[in-house]
Amino acid sequence: MNRTKGDEEEYWNSSKFKAFTFDDEDDELSQLKESKRAVNSLRDFVDDDDEDDLERVSWTGEPVGSISWSIKETAGNSGSSHEREQLKNRNSFSTYTQLPKPPSTYSLSSFFRGRWCPSQSLACSFAALSDTPAKSYAPELGRPKGDSIFIWFRSLQDKIQLLEEAVSMHDGNVITAVLIFLKRTLSKEILFRELEVRQVALRHLIHFLKEIGDQKLLLDLFRFLDRTEELALSHYREHLTIQDPEKRKEFLKTCIGLPFSAEDSAHIQDHYTLLERQIIIEANDRHLELAGQTEVFRKHPRKASILNMPLVTTLFYSCFYHYTEAEVRATRRRKIPDKQYVLTALAARAKLRAWHDVDALFTTKNWLGYTKKRAPIGFHRVVEILHKNSAPVQILQEYVNLVEDVDTKLNLATKFKCHDVVIDTCRDLKDRQQLLAYRSKVDKGSAEEEKIDALLNSSQIRWKN
């Protein structure tokens, strides 16, 4: 089939196939166009929001749009026109080769997203971690947010250098973040060996393990360091997680033989003995309370269990419910000072208004058989506790009179309206003016007013004023 020249031109122009020519194609130009098309095609796969996460910076590392960047841009634009002409006449490729490679200019926010460049200095990189609060670490995962920032440190030498750089910054958040990374990437033996000669980092790791409650690794660390006493204390601390009283008692029994100091060993023994006694008291009192046959439990039902209570609380409980029984004596034998015992027993018996027991608490007898009242806590405190528990005036006056300091006695007697004590003290001091001033504070026509008038009119008293 014969075609004219015009038909052939129309065919080749309308066809999707390209006609063969002997002209050489511009390979660089075609590759450039192809790269441009490839880059443009990536826009469909990139989230537009990611651009907001990156801080735009200049070649010098200054954030674009900041004041310092604007000043530098203005100064650069005001340069000589001769220099700008030279830049225009230069070949673009040669200019590129002469420019030094700029340092990494990622922002601190990009540091946490794993976009950190290994050429970046450690000091600049750690600046991001120093602003990170401790709560950003996830103890349940054992790693900080943005853990990919450490992907460049793979050898042991690099990791130790990373740790030393973190310690030199004196920033707890940075040191903790690095220690979490080392904890995940190094074996326990290597980690403990390296930290043994770096006491600052070691203290940070011990504190961190206590905070997150990693008791197993903490015990392994103390064993490696041969810190027997700290190992024993950490083991003893585990009793706080045991709720069942019997199991806690058995656990405390295993702690008795651990290498504690002499003082701590005595404490562990006392703790075990106290809990053992509390279990017995609790079982017995629960039975008595349910039976309803004991008067003290009927009038004053228990508000809480005695199990796992402190020693002083146990003493108060025993003085309240079992004062005449052996429980008080058994509790008192546990190295309780006399002042603490008297203060606790007084509060318990005064709450029950057992005034006979209060009197017996302060009555002592010497070797000749004479009795005397003595209070290791001071009778002024006894008066205050008795008044707090609504003691009768007669009992208050008895103990106010036992206060040795005269001014304190007068102040307490006036405060708690112990009229007889005030009148008798003013008489003993022969202070007519003070007695006359106190006369206005008593009720008119009362026995106290008549007593004051009788003293003021008495010719047998030589008043000082």
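A: Start with Lys299. In this predicted model, Lys299 counts as exposed because its relative accessibility is 56%, and the cut-off for exposed is over 50%. Its partner is Glu295. The two side chains meet in a salt bridge, with 2.7 Å from N to O. Glu295 has 45% relative accessibility, so it counts as partly exposed. Both residues sit in helix 17 (residues 295-299), four residues apart, so about one helical turn separates them. Side chains of opposite charge can pair when their charged atoms come close.

Now take a pair from two separate elements. Asp359 and Lys373 also meet through their side chains in a salt bridge, at 2.9 Å from N to O. Asp359 belongs to helix 21 (residues 355-362) and Lys373 to strand 4, so this pair ties together parts that lie 14 residues apart in sequence. Asp359 is partly exposed, at 27% relative accessible area. Lys373 is partly exposed too, at 23%.

Lys373 has another neighbour worth a look. Phe362 touches Lys373, and its other contacts include Val342, Leu346, Val382 and Tyr399. Phe362 is among the residues with the most contacts inside the largest nonpolar core, which has 52 residues. Helix 20 (residues 338-351) gives the most to this core, six residues. Domain 2 (337-417) and domain 3 (419-464) both supply residues, so the core lies between them.

The loop between strand 3 (363-365) and strand 4 (371-373) holds Leu368. Leu368 counts as exposed because its relative accessibility is 52%. With Trp367 and Tyr370, Leu368 forms a nonpolar surface patch of about 480 Å² accessible area together.

Back to charge. Asp424 forms a salt bridge with Arg427, and their closest N and O atoms are 3.8 Å apart. The limit for a salt bridge is within 4 Å, so this pair counts. Asp424 and Arg427 are three residues apart in helix 25 (residues 419-429), so about one helical turn lies between them. Asp424 is partly exposed, at 22% relative accessible area. Arg427 is also partly exposed, with 33% relative accessibility. This pair belongs to a network. Salt bridges link Asp420, Asp424, Arg427, Asp428 and Lys451. Across the protein, the count comes to 18 salt bridges.

Methods:
Residues are numbered from 1 along each chain as its sequence is written. This is a predicted model: local features need pLDDT of at least 70, side-chain atom pairs count only at pLDDT 80 or more; totals for chains, interfaces and linings use all residues. Side-chain values use heavy atoms; hydrogens and water are left out. A nonpolar core is a set of buried Ala, Val, Leu, Ile, Met, Phe, Trp, Tyr and Cys residues joined through side-chain atoms within 4.5 Å. Buried means under 20% relative accessible area, exposed over 50%, partly exposed in between (1.4 Å probe, protein chains only). Helices (H or I, at least four residues) and strands (E, at least two) are DSSP runs, numbered from the N terminus. Domain bounds come from an automatic or database domain assignment. Contact means heavy atoms within 4.5 Å. Patches are made of residues with over 30% relative accessible area and no salt bridge: like charges are joined within 9 Å, nonpolar side chains (Val, Leu, Ile, Met, Phe, Trp, Tyr) within 5 Å. Accessible areas come from the Shrake-Rupley method with a 1.4 Å probe; for residues, only the protein chains shown count as cover. Lists of a residue's contacts leave out its neighbours within four places in sequence.
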